[in-house]
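Reader: I am new to this one. Please walk me through it.

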Amino acid sequence: MSKSWKDTKDFVGLEEVSKIEFLVPLFAEALGTFLLVLIGCASCISWSIIGTAADPTVFHIAFTFGLAVATLAQVLGPISGCHINPAVTLGLVVSGNCTILRGLCYVVCQCCGAIAGAGVLKMALPSELTNRSLGLTLLNAKVESGQGILIEAIITFLLVLVVHAVTDPKRHDCRGWAPLAIGLTITVCHLAVVPATGSSMNPARSLGPAVILGDWRYQWIYWVGPILGGILAGAIYRMGFKARSKDEDEASYDF
């Protein structure tokens, strides 16, 4: 078998996805995205509608999503890499740290998990609350579509760049910090732009509430922006930022 054919085969990943053990990381991705949407979107719901609590603040939402991802990364990282975000997965595919077929399977499981998470959240809370919001991401009335795409692309670019940096096995300064670094990145991005776009930076996170509520406004923006940012970050890290050593093994996408 020629080296070029072997490299192509490894990049596609047919062999790894055909193994029964591959079902475990698939379940981990679905479960992780399910919990992210369930917990994260719960923090976005305003209980003031029924007069039992104040509206959620940007600080409240930002730290809920950031801590949720950090927690999930600690648990699921060694199992699937805890991508729980199609933009992260596609960025890792571009950088060569995730095979094409694994990436496609991950994205499908992430979307299914997100929809299930939003569905369970709707069932778990009073209908007066969930019929109005459910954590749906929408553009601010003053923000144009192009601006929304740019904002989502920038914050997702930062996220995927950080993911690559802290999971690069040749960078010894980052060992043990991946969950915290990624969680803090999500927190700071939410603090910056929740009022503008809702700070999705995750197509699956936006898809779940949209499917359950049947509200598709701006949904394309929350796919185009994050995916562009994730792909660009993966390409830039591979071409210029990847740590180099004598052993040029590919970086692991596992936390």
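Predicted model: local features only at pLDDT ≥ 70, side-chain atom pairs only at ≥ 80, totals over all residues.

Reader: What share of the residues in the protein chain is buried?

Author: Buried means under 20% relative accessible area. The protein chain has 255 residues, and the buried share of them is 50%.

Reader: What share of the contacts with a separation of 6 or more comes from residues 24 or more positions apart?

Author: Take the contacts in the protein chain with a separation of 6 or more. Residues 24 or more positions apart account for a share of 79%.

Reader: Which residues make the nonpolar surface patch of about 380 Å²?

Author: Helix 4, residues 58-80, gives the largest share of the patch, with three residues. Helix 9, residues 178-197, holds L191. The patch is made by F59, F63, L67 and L191.

Reader: Is L191 buried or partly exposed?

Author: Patch residues need over 30% relative accessible area. L191 has 38% relative accessibility, so the class is partly exposed.

Reader: Is H190 buried or exposed, and which residues is it in contact with?

Author: H190 also sits in helix 9. Its relative accessible area is 2%, so H190 is buried. Leaving aside neighbours within four places in sequence, its contacts are V58, I61, A62, F65, S199 and M201.

Reader: Where does C174 lie, and which residues does it touch?

Author: C174 lies in the loop between helix 8, residues 145-166, and helix 9. C174 counts as buried because its relative accessibility is 9%. Set aside residues up to four places away in sequence, and C174 touches A165 and V166.

Reader: What is the phi of I84?

Author: I84 is in the loop between helix 4 and helix 5, the latter spanning 86-94. With 2% relative accessibility, I84 counts as buried. This residue is not a glycine, yet its phi is positive, near 40°.

Reader: What is the phi of L134?

Author: Look in the loop between helix 7, residues 127-130, and helix 8. L134 is buried there, because its relative accessible area is 0%. L134 is not a glycine either, and its phi is positive, about 65°.

Definitions and conventions
Residues numbered from 1 in each chain as written. Heavy atoms only, no water. Patch = residues over 30% accessible without salt bridge, like charges linked within 9 Å, V, L, I, M, F, W, Y side chains within 5 Å. Areas by Shrake-Rupley, 256 points an atom, 1.4 Å probe, with all protein chains shown as cover. Salt bridge = Lys/Arg side-chain N within 4 Å of Asp/Glu carboxyl O. Helix = DSSP H or I, 4+ residues; strand = E, 2+ residues; numbered from the N terminus. Buried < 20%, exposed > 50% of the residue type's maximum accessible area, 1.4 Å probe, protein only. Contact = heavy atoms within 4.5 Å.
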